[in-house]
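Here are some notes for a colleague who is meeting this structure for the first time.

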Amino acid sequence: IELHHLSKVQQIEALRDRRITVGFNRLFPRESDLVIETVLRERLVVGLYKDHRLCKQREITLRDMDAEPLILYPNSPLPGLAQQVASAFHREGARMNVAQSVEDVLTCVALVAGGFGLCIATESTASLQLPGVVYRPLNCRYLKDIELACIHRRDDPSPILATFVDVVRAFSKEWQ
């Protein structure tokens, strides 16, 4: 197994060019030549600097985050979490103040640790225990969780891929 860090668009291109066999990401667009299977759904959390006033709360709403500096990691050109966050802020009537847009979650959390803003991330992000970062559950009716999906070519007859997908499905069942 060889791992590559690719965006959604790059993963789709690499699958079609047969440079990779399987990919993992969130919010893949439906494609007729690709199989997209949800592996798990993760709750969303808010990452805050340890001295932020909102750390005193058990959970955070988007209204609590109104106009607070926010760090996003967009998945452009395809829609991703950043677009879902923007939509939820709009629907909740809260002002979104994007202080920084970054390429990956680690950079995002590092900026939170530096006190540059807050972030909305998946629950598994909380395993990134950088000094100075505190996580609180996000309480939002429009933005509760997000799926992680496995993607592969529909016409790939590889028995290795089939076995790998079986392992992913077994993991998915255990996770639920």
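1. A residue counts as buried under 20% relative accessible area, as exposed over 50%, and as partly exposed in between. Phe24, with a relative accessible area of 34%, is therefore partly exposed, and Phe164 is also partly exposed, at 29%. Please keep in mind throughout that this is a predicted model.

2. These two residues form the aromatic pair of the structure, the count by the rule applied here being one. The ring centres of Phe24 and Phe164 lie 6.2 Å apart and the ring planes stand at 65°, so the pair is edge-to-face. Because Phe24 belongs to strand β1 and Phe164 to helix α4 (residues 159-175), the pair ties together parts that are 140 residues apart in sequence.

3. The largest nonpolar core is made up of 37 residues, and those with the most contacts inside it are Val46, Leu62, Met65, Val85, Phe89, Ile120 and Leu138. At least two residues of this core come from each of β2, β3, α2 (81-92), α3 (105-113), β5 (119-122) and β6 (133-137). Leaving aside residues up to four places away in sequence, Ile120 touches a set of residues that includes Leu44, Val45, Leu70, Tyr73 and Leu81. There is also a second, separate core of nine residues, among them Leu15, Ile20, Leu34 and Ala149.

4. Helix α3 deserves a point of its own. Its buried residues are Cys108, Val109, Leu111, Val112 and Ala113, and these pack against β2, β3, β4 (97-101), β5 and β6. The N-terminal end of α3 is capped by Asp104, which has a side-chain oxygen 3.1 Å from the backbone nitrogen of Leu106, while after the helix comes Gly115, whose phi is positive, near 80°.

5. Arg18, however, has a positive phi of about 60° and lies in the loop between α1 (8-16) and β1 (22-25). Ala67 likewise has a positive phi, of about 65°, and is placed in the loop between β2 (34-49) and β3 (69-72); with 31% relative accessibility, Ala67 counts as partly exposed.

6. Turning to charged pairs, the structure holds twelve salt bridges. In one of them Arg16 pairs with Asp33, the closest N and O atoms being 2.8 Å apart. Since Arg16 lies in helix α1 and Asp33 in the loop between β1 and β2, this pair ties together parts that are 17 residues apart in sequence. Arg16 is partly exposed, at 40% relative accessible area, and Asp33 is partly exposed too, at 31%.

7. Arg26 and Glu42 meet through their side chains in another salt bridge, at 2.6 Å from N to O. This pair links distant parts of the chain, with Arg26 in the loop between β1 and β2 and Glu42 in strand β2, 16 residues apart. Both Arg26 and Glu42 are buried.

8. Arg141 forms a salt bridge with Glu92, the closest N and O atoms being 3.4 Å apart. Because Arg141 lies in the loop between β6 and β7 (145-153) and Glu92 in helix α2, the pair ties together parts that are 49 residues apart in sequence. Arg141 is exposed, with a relative accessible area of 57%, whereas Glu92 is buried, with 14%. Elsewhere, salt bridges that share partners join Arg16, Glu31 and Asp33 into one network.

Note on methods: Residues are numbered from 1 along each chain as its sequence is written. This is a predicted model: local features need pLDDT of at least 70, side-chain atom pairs count only at pLDDT 80 or more; totals for chains, interfaces and linings use all residues. Side-chain values use heavy atoms; hydrogens and water are left out. Helices (H or I, at least four residues) and strands (E, at least two) are DSSP runs, numbered from the N terminus. Buried means under 20% relative accessible area, exposed over 50%, partly exposed in between (1.4 Å probe, protein chains only). A nonpolar core is a set of buried Ala, Val, Leu, Ile, Met, Phe, Trp, Tyr and Cys residues joined through side-chain atoms within 4.5 Å. Contact means heavy atoms within 4.5 Å. A polar contact is a pair of N or O atoms within 3.5 Å; within protein, one must be able to donate a hydrogen and the other to accept it, and residues adjacent in sequence count only if both atoms are side-chain atoms. Rings of Phe, Tyr and Trp (its six-membered ring) pair if their centres lie within 6.5 Å; planes under 30 degrees apart count as stacked, over 60 as edge-to-face and the rest as tilted. A salt bridge is a side-chain nitrogen of Lys or Arg within 4 Å of a carboxyl oxygen of Asp or Glu.
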